[in-house]
Structures are given as C-alpha cells and as structure tokens.
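Reader: I have a chain on screen and some quick questions. Can you walk me through it?
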Amino acid sequence: MKYYLLIRKSLTLIALGCLAPFTQGAENLYVLLDKMRVADGKIGEYLEVEEVWSNYHKTLISEGQIESWSLWRSNQQSYDFATLKVLKTGAGGTLDLDTILQELYPPERIKIFQSKHDVNANAVREIIETSLWKFEAATKGGKGWEKLLSVSDSIAIKWDAMTPQKDSENKYLRIESGIFKDAHQLLVNEKRSLTNWSLLKLEDVSGPEKTAPYATVHLRDKNKAPPSTPLMEAAKKSGYRDEMKMGELRDMTTNHLDLVMGVSKAGYSTSPLMDQINEEEVVKATVLRQTNAGHDKDLDTVLGSWVSSPNPNALRNMRGKNGNYAETKGIWHIAKRYRDGVENWGEDAGWYAKMENEVLHVGQSVASIIYDQLVFNGRDELMRKSKEQRTLVKEDGQWKIAFMTVLGGIDGGN
C-alpha cells in the first residue's frame, strides 16, 4: 500500500507526546528524526532555510502525508539541530524508511520547490542521520500534545538512547515497558513538569554511526516544578526491586532538545528560542569579525568592534609567550596599541580564526563567551590554539566588545 494512503487520517499533534489515543486505538505512531550538523557560522542562515522548508511540510500536513513537523536545538555536540516528523499507519500497517523518503521528498517536487524559493539547504547543513522510530509504550494523560500543538516554548524533550546489554534485551524491555512505564505514570499523575513518558523502538536508520535500538522520551514543562516523588521511589511502588539492576541491563546516553519552530494543522509557530539563537550568532560573529579583521589588517573594523570612547573600562588582557599577562585599559589605549602595531603587521598572509567548544551566555545587554580559538594560515594549516574569553555589551543596539582575555594556550599552543 502506498505510504500516503496508509497515513491519510489526520491527528492533531506536533511531536512526541501522550500516546493514549494510539496505544488504545487502531493506529501505529512513528517519528522520523533527522539529525543536522550546521556549517560554521551558518546557523542564522540555517534557521532561515528551515523556516522556508516549514512551508513544504505544511503542504505535506494538508495532504495527510504527515501529522506535524518541528525543529529542535540539540544539546549534544555530535549534532546541532533535529527535525521531527510525526507519521502514522492504520492497524497492521508498517512503514519503510526508503519508501517514506521517496514519498515525502520526490526529486522532481523538491527541485521545483527549491527553484521557487531559492533555497539550498545543503549549503548550510548536513543531515548526518535519518532514523525511523515506532512508539511501543507510553503513559496516559498529561498535556504534552496540547502544549506541543501550540508550540509552547516551555516544553522540552529529554531523549535517553538505550542499548540493552548482550542477552539482556527481553528482560530490559519487560522492566522498561512495565515497571518504569507505571513509575513514570505516577509522576505524570502529579501534574508537574513531566507531561509524558514513552518508549520508542528503532525501525530503520541511515547514517554512519551505530544508533541505539531503543529510546525513552520525556516531555517536560520547564515552567513547572519537578515531580515531588523521586523516580526510583515511584519505580519501587510499581514493583521494582534492587536485584533487578536496571543500570546493568542497558547503556544510556542522554540528550536534551529545545523547541525552535514547528508546523501542525494549527499553522506555523516559532519559539522565543529562535530569537535567542539569532542573538547568540550575532555575538559570535562580532567576536570572530574583530579577530579576523586583525588578521586582515583591517584596523577600522577591529576598533569598531569595541565599545566607544565614552566607556573607559574596555580591557584587553593578553598572555605573552613567557606566561605573563599584559593589560591594556581603555578603548583609546587599545586603539593606540593596534595603530602602533599596524606597521609591523606585514603582508596579509590569509590567516583566519575559528571557534570551537563555545560556552555562551547572552542577556539583554551583556554577553559572555569562552571558547577555543583555532588560527589557520592561508593554506588551511592550523598554526596555533588558545582559550579565549570575551565580554560584550549592547551599545546603540549593537554588540560591542568591552573585555577580552587570552586564558592560555591549549594543546601546547600560545
């Protein structure tokens, strides 16, 4: 049977949530998960591309091919964002990954869409994995569906990837789908932050890495307090005994996902997180622009990245090769230092910097970032590494550097 005939009936949902209507009914529920790695410095452009593609998925929803589409930011370093598409089949129906992708994204239709909207997703992101998951068990009640349907910024996902130990899969599943499902039901019944728990089974996957065959997924309302009952206390009320040793039956890795935007039958919505991400990208771009302007011998851009003259508190703190730090206080003292050094900068050798492992906090008017700075020459050879820190302030609506320091070389760099 054609995929689109299997999933013609509609269901008002946007992503993971309360499965009671499905586990009690005749439908099978699936999630199609794409993990995205975004090109350096391209997150802003990537979000614009996904916003355009939301229109394509809105059409798929109106055609009954999918129930919803949503974009989430990953807290895991292996990928930056994930898209979730919710699908369903009738009783006894099954889905195949290759067939799904052919039905949802036929080449000729994609070519027409890209031409019409002038978007090239491949230029800003790489899909590193596509996986198909089937819902096996879930709690009842809760308000996960309703909140996700309205694209509530308060909802977050905790995704625990589960790999049973050798010869322990059946025992693990009995405990997970029985005792721990009931335990999480007790927590959902408290009507606090946990709005849903579900067990997913991996049906198919395309990607370079070995994906865990199971996942437990928690929907959480960030605006509410955690359940008052500890999980293991709830598990023991549901029949768990210490000798069951759940931790020895499976390996677990956890990722947290935060909603960015989504499309359901109610339409398109964005989370406030989207504006926050864009602001974070502006902060990172300001820092990189100042650093790379120095390599490009562009003094005006270097100085224009700093707070202006009314603020005498700008501070440049540099670690020398001898391990000592030298401070330069005040923007005009910093400017003089740069100007005095221009004559000795020499020819532009095409050097440039990149950021890795950023720890970034952005407020209304103050931002702070700590990161590993990697400097490359014009032949893309790594020349040096350092640990860097910048504090920025909002000045006339623009982020400007107020403090910088080199915290020290990393991996032997200076």
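Reader: Start with Ile370. Is it buried, partly exposed or exposed?
Author: This is a predicted model. In it, Ile370 counts as partly exposed, because its relative accessibility is 34%. The residue lies in strand β13, residues 366-376.

Reader: Which residues make a nonpolar surface patch with Ile370?
Author: Val359 and Leu407. The three make a patch of about 230 Å².

Reader: What sits in the loop between β13 and β14?
Author: Asp380 is placed there. Its phi is near 65 degrees, a positive value in a residue other than glycine.

Reader: Is Asp380 buried or exposed?
Author: Exposed, because its relative accessible area is 52% and the cut-off for exposed is over 50%.

Reader: Where is Asp167, with its positive phi?
Author: Asp167 is in the loop between β5 (155-164) and α7 (169-189). Its phi is about 65 degrees, and it is not a glycine. Asp167 counts as exposed, because its relative accessibility is 77%.

Reader: Back to charges. How many salt bridges in the whole structure?
Author: A search finds 18.

Reader: What does Glu358 bridge to?
Author: Lys284. The closest N and O atoms are 3.7 Å apart. Glu358 lies in strand β12 (residues 352-362) and Lys284 in helix α10, so the pair ties together parts that are 74 residues apart in sequence.

Reader: How covered are those two: buried, partly exposed or exposed?
Author: Glu358 counts as partly exposed, because its relative accessibility is 35%. Lys284 counts as buried, because its value is 15%.

Reader: And what does Arg379 bridge to?
Author: Glu381. The closest N and O atoms there are 3.2 Å apart. Arg379 counts as exposed, at 62% relative accessibility. Glu381 is partly exposed, with a relative accessible area of 37%.

Reader: Which residues form a network with Lys284?
Author: Glu281 and Glu358. Salt bridges that share partners join these residues and Lys284 into one network.

Reader: Switching to the inside. How many residues are in the largest nonpolar core?
Author: It has 33. Leu47, Phe81 and Val260 touch the most other members.

Reader: Which elements give two or more residues to it?
Author: The strands are β1, β2 (68-74), β3 and β8 (250-264). The helices are α3 (43-62), α4 (97-104), α5 (107-117) and α10 (272-295). Helix α3 gives the most, with eight residues.

Reader: What about a second core? How many residues?
Author: That one is separate and has 21 residues. Among them are Ile155, Leu200, Leu219 and Leu257.

Reader: What does β1 pair with?
Author: Strand β3 (residues 81-89), for one: nine bridges, antiparallel. Asp34 stands opposite Thr83 in β3. Strand β4 (residues 125-138) also pairs with β1 in the antiparallel sense, over nine bridges. The bridge partner of Leu33 in β4 is Ser131.

Reader: In a regular strand, where do side chains point?
Author: They alternate between the two faces of the sheet.

Reader: Last one. What does the Ser70 side chain contact?
Author: The side chain of Trp72, in a polar contact of 2.8 Å. Ser70 is in strand β2.

Reader: Is Ser70 buried or exposed?
Author: Buried, because its relative accessibility is 0%.

Notes
Residues numbered from 1 in each chain as written. Predicted model: local features only at pLDDT ≥ 70, side-chain atom pairs only at ≥ 80, totals over all residues. Heavy atoms only, no water. Patch = residues over 30% accessible without salt bridge, like charges linked within 9 Å, V, L, I, M, F, W, Y side chains within 5 Å. Areas by Shrake-Rupley, 256 points an atom, 1.4 Å probe, with all protein chains shown as cover. Salt bridge = Lys/Arg side-chain N within 4 Å of Asp/Glu carboxyl O. Helix = DSSP H or I, 4+ residues; strand = E, 2+ residues; numbered from the N terminus. Buried < 20%, exposed > 50% of the residue type's maximum accessible area, 1.4 Å probe, protein only. Pairing = 2+ DSSP bridges. Core = buried A, V, L, I, M, F, W, Y, C linked by side-chain atoms within 4.5 Å. Polar contact = N/O pair within 3.5 Å; in protein donor to acceptor, adjacent residues only side chain to side chain.
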